[in-house]
Amino acid sequence: MKLEAKKISVGYGGNIVLNELDLTVETGEILTLIGPNGCGKSTLLKTLGRLLKPSHGAVTLNGQDVHRFNTAKLARIMAMLPQSHHISEDLTVEELAGYGRFPHRKQFRPFTAIDRVAVENALNLTQLQNLRKRSINTLSGGERQRAWIAMTLAQEPKLLMLDEPTTFLDVRCQCEVMEIIRKLNHELKLTVIMVLHDLNLAARCSTRMATVGEGRITRIGTPQQIMTSEILRTTFGVEAEIHHESKGLPYFIPTGISK
Amino acid sequence: MINRGRISNHLLYKIGIIILLVLFLLAMLFWGLSSGASKLSYQQIIRALMTQDGVEYQIIWNIRLPRVILAAIVGASLAISGAILQGVMRNPLASPNIIGVTSGGGLAAVLVLVMFPAYSHHLTWFAFIGALGTALTIYLVAWNRGAQPMRLILSGVAISSLLGAAITAILLFNPDRVIGVLDFTVGSLSARSWPHLQAVWPFALSGGILAFLGMRDLNIIALGEEVAAGLGQRVELSRFIFLAIAALLAASAVSVAGLLGFIGLVAPHMIRIIIGADFRWLMPGCAIFGAALLILCDTIGRLVMAPLELPAGVIMALIGPPFFLWLLRRRLKYEA
């Protein structure tokens with residue numbers, strides 16, 4: 001399972017967001033895309049997740065253009081959770097997770113035992129067993145985000161893409177979501193690509209981090225390689241002190257704006 | 001705390017609601033057949049239909065039965081159309097009006113009735129083509145590498161008000177013809193019979209079957225464009241197909257009964273409040289309830305000022321909103 005972006009260019013109207021960008025996603029890694037607002041990291045994630053079609057170049061999965069895949073077949077390999085997802089209707093946690101079985105089911109085929117097991121596993125992984133009958137609209141922000149993740153897990157993908165999964169969540173909910181992502185990566189060997197704004201959170205759970213700027217991947221490497229004052233200055237325009245916690249993972253404290 | 005603000009999710013509850021709706025529809029069917037200038041009992045109705053003879057049989061077979069069936073088909077078509085549109089557009093205000101079916105059908109009808117009365121016996125077909133043509137125009141205007149719901153809604157509103165202005169202008173310059181046109185613009189089943197039924201049933205049936213086949217996909221598209229695409233749905237194609245089904249159903253309904261669009265806005269909301277948003281329940285619920293609701297309105301319209309008839313559209317506009325508001329308030333109270 002190999003996902004690659006080969007010289008992809010993406011633009012909205014005349015505005016070029018990604019410019020001949022190359023990226024290879026390693027199987028089994030947690031890759032986090034970082035960068036300032038408007039740098040194109042969400043656009044990159046959407047393009048990798050075939051929600052956007054590049055004007056040049058291609059995103060390939062095992063060598064085949066993702067836009068040439070059967071959409072349901074692709075959805076059984078990779079799942080995507082967009083940043084903005086809301087539903088105005090009443091829907092239970094269980095029902096939402098059940099929608100994750102959509103790419104596995106043929107028209108008129110009833111929900112099978114296999115489907116039920118997949119939904120059950122998804123609810124267990126996200127610790128939502130006790131909330132299964134609850135309406136999504138009555139959940140807290142963190143629970144709701146977990147319910148959406150449960151839907152993508154019911155897809156039983158090999159690759160999971162998440163666009164800012166922790167934004168708007170309090171610190172405990174952020175930790176819960178990150179715990180789940182780490183568990184999925186360790187236990188299910190799921191490859192995870194995500195966009196995060198919180199660099200310290202990203203440094204704690206990523207295998208690799210990649211900075212996006214000027215339409216390309218400007219730097220890519222381990223958290224130790226990326227979390228340097230020089231890269232933070234050039235990427236975000238901030239001065240920062242870099243520290244290391246007890247396990248040796250880097251974190252930063254911004255001290256001012258670069259001149 | 002558990003299940004706060006939520007209609008029961010129990011399978012039995014939902015089946016129960018569907019059974020109640022079916023009973024309501026059957027009651028309305030019989031009421032529609034028995035009511036009128038000569039009141040018929042249920043025994044008389046059944047005897048007349050069995051023996052196929054007598055004055056009662058003539059009344060039922062030639063006047064009341066086709067009208068009641070037509071009301072059922074029109075009501076069901078508009079309610080299904082509205083439910084589909086609200087799901088696809090992800091907008092609670094979506095209704096057959098929003099895709100121009102009413103304004104397009106209305107303009108075509110007014111043009112024929114006022115400017116070319118010689119062709120008025122083909123009114124149904126002109127209205128049908130006008131309705132579908134307007135829906136297609138709105139879709140094309142909204143298209144820009146995809147037809148996003150918000151652009152569809154905005155271009156729908158714009159084109160509908162343009163056509164509405166044209167209707168008003170035509171009527172202003174031909175005040176003598178306004179009365180003849182009102183029956184259509186308000187929406188009515190008066191004097192409709194078998195030929196009208198023959199014109200709509202193939203569209204209603206095929207549209208209805210397609211809508212029922214698509215219930216599962218509708219649930220997915222209602223989650224939003226990006227989520228649906230992530231789940232492997234071909235969103236643009238699905239959206240076009242669902243819009244086409246909704247336009248077909250609404251256009252065929254409007255072409256025989258006039259501009260009854262309101263039922264397409266309100267019936268899906270009412271059913272969603274009592275049965276939930278899952279299309280596998282919502283769709284049959286809407287079909288049954290829409291059918292019963294229009295028979296109810298039409299029959300009330302025939303009775304309240306007898307021997308004068310009030311158009312079904314007027315009754316709908318009078319009793320629909322208060323009932324709808326009551327349901328809404330009741331639900332808000334549960335959620336508080």
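Predicted model: local features only at pLDDT ≥ 70, side-chain atom pairs only at ≥ 80, totals over all residues.
**A walk through chains A and B**

Residues are numbered from 1 along each chain as its sequence is written, and chains are lettered from A and ligands numbered from 1 in the order in which they are written.

Strand 11 (residues 238-244) and strand 12 (residues 250-257) of chain A pair in the antiparallel sense through 7 bridges. Here strands (E, at least two residues) and helices (H or I, at least four) are DSSP runs numbered from the N terminus, and two strands pair if DSSP finds at least two bridges between them. There are 5 residues between the two strands of this hairpin, and Gly248(A) takes a positive phi near 90°.

Now turn to the open sheet of 6 strands in chain A, whose order is 6-7-8-3-9-10 with mixed pairing. Strand 6 (78-81) and strand 10 (216-221) of chain A each have a single partner strand, so these edge strands have one side without a neighbour in the sheet. From one strand to the next, the twist averages 15°. Within this sheet, strand 3 (residues 30-34) and strand 9 (residues 208-213) of chain A run parallel, paired over 4 bridges; Leu33(A) has Ala210(A) of strand 9 as its bridge partner. Helix 6 (residues 171-187) of chain A packs on the sheet, where it touches strand 3, strand 7 (159-163) and strand 8 (191-195) of chain A. The direction of helix 6 makes about 155° with that of strand 8 of chain A, with axes fitted to C-alpha atoms, for helices over the stretch in contact, and angles running from 0 to 180 degrees between N-to-C directions. In the loop between strand 7 and helix 6 of chain A lies Phe168(A), which has a positive phi of about 75° although it is not a glycine. Phe168(A) counts as exposed, with 11 C-beta neighbours inside 10 Å. Burial follows C-beta atoms placed from the backbone: a residue with 20 or more others within 10 Å of its own is buried, one with 12 or fewer is exposed, and anything in between is partly exposed.

Chain A also has an open sheet of 4 strands, antiparallel, in the order 2-1-4-5. Its edges are strand 2 (15-25) and strand 5 (64-65) of chain A, each with a single partner strand. Strand 4 (residues 56-61) joins strand 5 of chain A through 2 bridges, and Thr60(A) stands opposite Asp65(A) of strand 5. The loop between these strands holds Asn62(A), a residue other than glycine with a positive phi near 50°. Asn62(A) is exposed, with 10 other C-beta atoms within 10 Å.

Where the chains meet, 23 residues of chain A and 22 residues of chain B take part in the contact, two residues being in contact if their C-beta atoms, placed from the backbone, lie within 7 Å. On the chain A side, the elements giving two or more residues are helix 2 (71-77), strand 6 and helix 3 (93-99) of chain A. Helix 2 of chain A provides the largest share, 4 residues.

The largest nonpolar core has 179 residues, and Met161(A) and Leu260(B) touch the most other members. Such a core is a set of buried Ala, Val, Leu, Ile, Met, Phe, Trp, Tyr and Cys residues joined through C-beta atoms within 7 Å. Helix 3 (residues 54-89) of chain B gives this core its largest share, 17 residues. Leaving aside neighbours within four places in sequence, Met161(A) contacts several residues, among them Leu45(A), Met80(A) and Ile193(A).

In chain B, the buried residues of helix 5 include Phe126(B), Leu132(B) and Tyr139(B). Their cover includes helix 4 (101-115), helix 6 (149-173), helix 8 (194-213) and helix 11 (235-257) of chain B. Further along, 11 of the 14 residues of helix 12 of chain B are buried, so this helix is largely enclosed by the rest of the structure; among the buried ones are Phe262(B), Pro268(B) and Arg272(B). After helix 12 of chain B comes Gly276(B), with a positive phi near 95°.

Finally, look at Trp31(B) in helix 1 (residues 11-34) of chain B. Trp31(B) has 17 C-beta neighbours inside 10 Å and therefore counts as partly exposed. The C-alpha atoms of Trp31(B) and Leu296(B) are separated by 8.3 Å, although the two residues are 265 residues apart along the chain.
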